[in-house]
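Look through the model shown here before reading on. The paragraphs that follow take it one part at a time.

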Amino acid sequence: MRTARTLSMLTILVGTLALSGHDSLAQRAGLAERIGHHDPSRYRAGRSHGSVGDMNCMTLLPGSALLTNLYFLHRCQITPGGGVGHHFHNTTEEMFVIFDGEAEFTVDGRTSLLKGTVGAPVRMGHSHAIYNPGKTPVEFMNINVSAVKGKYDAFDLDDARVGVPKDEKPVFMTMRLDKKLLRPADKHRGGAGTAMYRRALDPSVFLTNWAYVDHLVLPPGASEGLHRHTGVEEVYYVISGDGEVTVGTETAAIRKGDAVPLQLNDPHAFRNTGKDDLEFMILGIAAQKGVLDVQLGNR
């Protein structure tokens with residue numbers, strides 16, 4: 001039950017890019033080359049899962065960026081009247097995140113208007129959609145993690161969710177990235193200064209090996225110390241600010257809109273080199289369900 005336009009959108013954003021189109025990432029190019037950069041000039045317009053309006057999207061990281069079950073990380077802009085139509089995944093889990101403005105999120109046929117920065121994690125087998133009812137574009141991210149590496153499915157409901165009834169309070173899981181919810185973390189992971197940190201979503205939220213979503217803020221001059229994970233891979237997405245990342249013996253500059261992929265056993269550290277807060281959304285995907293670890297230093 002797919003329209004031709006839906007197939008076109010999925011082909012552009014999911015197919016070869018997600019699985020095999022980035023050979024340099026799969027072959028572990030240098031750190032700077034592995035980092036995904038948000039670049040609106042790379043956007044492609046299209047419609048998804050029966051939506052009535054367009055989104056402008058790019059693949060920020062393909063599935064090959066990690067060894068665990070990341071399927072894709074898309075960075076998009078939802079145009080007014082655009083979105084993602086109502087659909088299911090039975091072998092993947094997904095989360096839509098908006099960074100500004102507001103959008104109508106639907107999970108299992110129930111819709112609520114939410115304001116960014118907010119996301120809605122959706123387990124396998126639960127329907128979901130998003131729609132921008134406003135007059136301005138909304139900055140958007142779509143994160144997809146599969147139950148089996150490289151496996152994707154979708155079942156469309158041919159429902160764009162336009163003009164549907166809305167609940168004032170959502171009756172589905174949501175994730176707010178609000179600095180007011182953060183707590184101080186002095187010398188975080190052996191770093192300098194006092195970071196602000198919160199685990200926004202833990203492994204109980206997900207059925208796949210998607211392990212967590214963390215919210216981390218490094219004030220100017222602060223850092224997250226060198227550490228690694230033997231059983232978890234991560235993506236650090238820069239919500240705002242400027243800084244640098246060190247992975248092993250390499251260091252690279254990072255800025256707003258960058259996504260840093262970290263594979264198993266990659267020693268990594270982050271430092272704020274700017275004048276404003278360096279803010280991250282951190283995605284953790286475990287090699288084994290629920291098995292998490294942190295090893296300080298590079299050993």
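**Around methionine 141**

Methionine 141, leaving aside its neighbours within four places in sequence, is in contact with Leu60, Leu73, His74, Arg75, Met95, Phe96, Val97, Phe99, Tyr237 and Met281. The model is a predicted one.

Met141 belongs to the largest nonpolar core, which has 29 residues. Together with Leu73, Met95, Ile143, Met175, Val213 and Met281, Met141 touches the most other members of that core. Two or more core residues come from each of strand 3 (55–62), strand 4 (70–78), strand 6 (92–98), strand 11 (138–146), strand 15 (194–201), strand 16 (210–218), strand 18 and strand 23.

Strand 18 (residues 232–240) is joined to strand 23 (residues 278–286) over eight bridges, in the antiparallel sense. Within this pairing, glutamate 234 has glycine 284 of strand 23 as its bridge partner.

Strands 3 and 4 bring in another feature. The structure holds one disulfide, and it joins cysteine 57 to cysteine 76, with an S to S distance of 2.1 Å. Cysteine 57 lies in strand 3 and cysteine 76 in strand 4, 19 residues apart, so the pair is described as linking distant parts of the chain. Both cysteine 57 and cysteine 76 are buried. The disulfide between cysteine 57 and cysteine 76 is right-handed because the torsion about its S-S bond is about 110 degrees.

How values were computed: Residues numbered from 1 in each chain as written. Predicted model: local features only at pLDDT ≥ 70, side-chain atom pairs only at ≥ 80, totals over all residues. Heavy atoms only, no water. Pairing = 2+ DSSP bridges. Helix = DSSP H or I, 4+ residues; strand = E, 2+ residues; numbered from the N terminus. Core = buried A, V, L, I, M, F, W, Y, C linked by side-chain atoms within 4.5 Å. Buried < 20%, exposed > 50% of the residue type's maximum accessible area, 1.4 Å probe, protein only. Contact = heavy atoms within 4.5 Å. Disulfide = S-S within 2.5 Å.
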